[in-house]
Amino acid sequence: CVWTERPEVHLRVRGSGESTLPLADSRVTVEREYLPESELWRFFASISLAALPYTQASQSGVGSVAAGYGVPAIVTALGGLADLALDQSYVVHPGDEQALARAILAHIDDGAEVRERILREVAAPRSWDAVAVQSIELYESVVRAHR
């Protein structure tokens, strides 16, 4: 468990979804409300790591937004979630609580250098600008091939 090794770590849960996890602990803040876009910067600036331990998913809007703010994410090896991870040390098997805890402990203190790499290596290639450039290049190649 993360708290065995790092009792000072605080878990912050934000969102309107349901949870079956026992979250009654003074080290847990649960905010069961929608996070407006105007508050995203403040929220992601206040966290050091996003944990997305999905057991059924193929993508994550939260993970994409976190990457856009340079926040590293621990994700499960489902669908395209691994694309949100800086490297394999941020990816765990779904349902493996021990691996999740180890990954959190390994990355909870990631600093500014990692945030910069997230922005450069994870967020930038998936930005709207990058997708637009790739789309234009694809369309141009199709047009050239049919001339």
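Predicted model: local features only at pLDDT ≥ 70, side-chain atom pairs only at ≥ 80, totals over all residues.
Residues are numbered from 1 along each chain as its sequence is written, and side-chain values use heavy atoms, with hydrogens and water left out.

**View 1. The whole chain and its surface.** The chain carries 6 helices and 5 strands, taken from DSSP runs (helices H or I, at least four residues; strands E, at least two) and numbered from the N terminus. Their order along the sequence is α-β-β-α-β-α-β-β-α-α-α. Along the principal axes, the C-alpha atoms fill a box of roughly 65 × 30 × 30 Å. Of the 147 residues, 32% count as buried (under 20% relative accessible area; exposed is over 50%, partly exposed in between; 1.4 Å probe, protein chains only).

**View 2. Charged side chains.** Here you can look for 13 positive and 20 negative side chains, two sets whose centres lie 3 Å apart. Lys and Arg count as positive and Asp and Glu as negative, leaving out His and the chain ends; each charge is placed at NZ of Lys, CZ of Arg, CG of Asp or CD of Glu.

**View 3. The second largest pocket.** Step in to see a space of about 210 Å³, lined by S64, A67, G68, L84, V122, A123, R126, S127 and W128. Two or more lining residues come from each of α3 (61–68) and α5 (112–123), and α3 has the largest share, with 3 residues. A pocket is an open set of points on a 1 Å grid with protein on both sides within 12 Å along at least five of seven lines, and lining residues have an atom within 4 Å of a point.

**View 4. H107 in helix α4.** Now find H107 in α4, which spans residues 97–107. H107 counts as buried because its relative accessibility is 9%. Leaving aside residues up to four places away in sequence, H107 touches L49, I74, S89 and Y90 (contact means heavy atoms within 4.5 Å).

**View 5. G111 in a loop.** Finally, G111 sits in the loop between α4 and α5. With a relative accessible area of 35%, G111 is partly exposed. A51 is 60 residues from G111 along the chain, and their C-alpha atoms are separated by 16 Å.

Definitions and conventions: 1 Å grid on protein atoms, 1.4 Å probe; cavity = no way out; pocket = protein on both sides within 12 Å on 5 of 7 lines; lining within 4 Å. Points joined across faces, edges and corners; volume = space filled by probe spheres on them.
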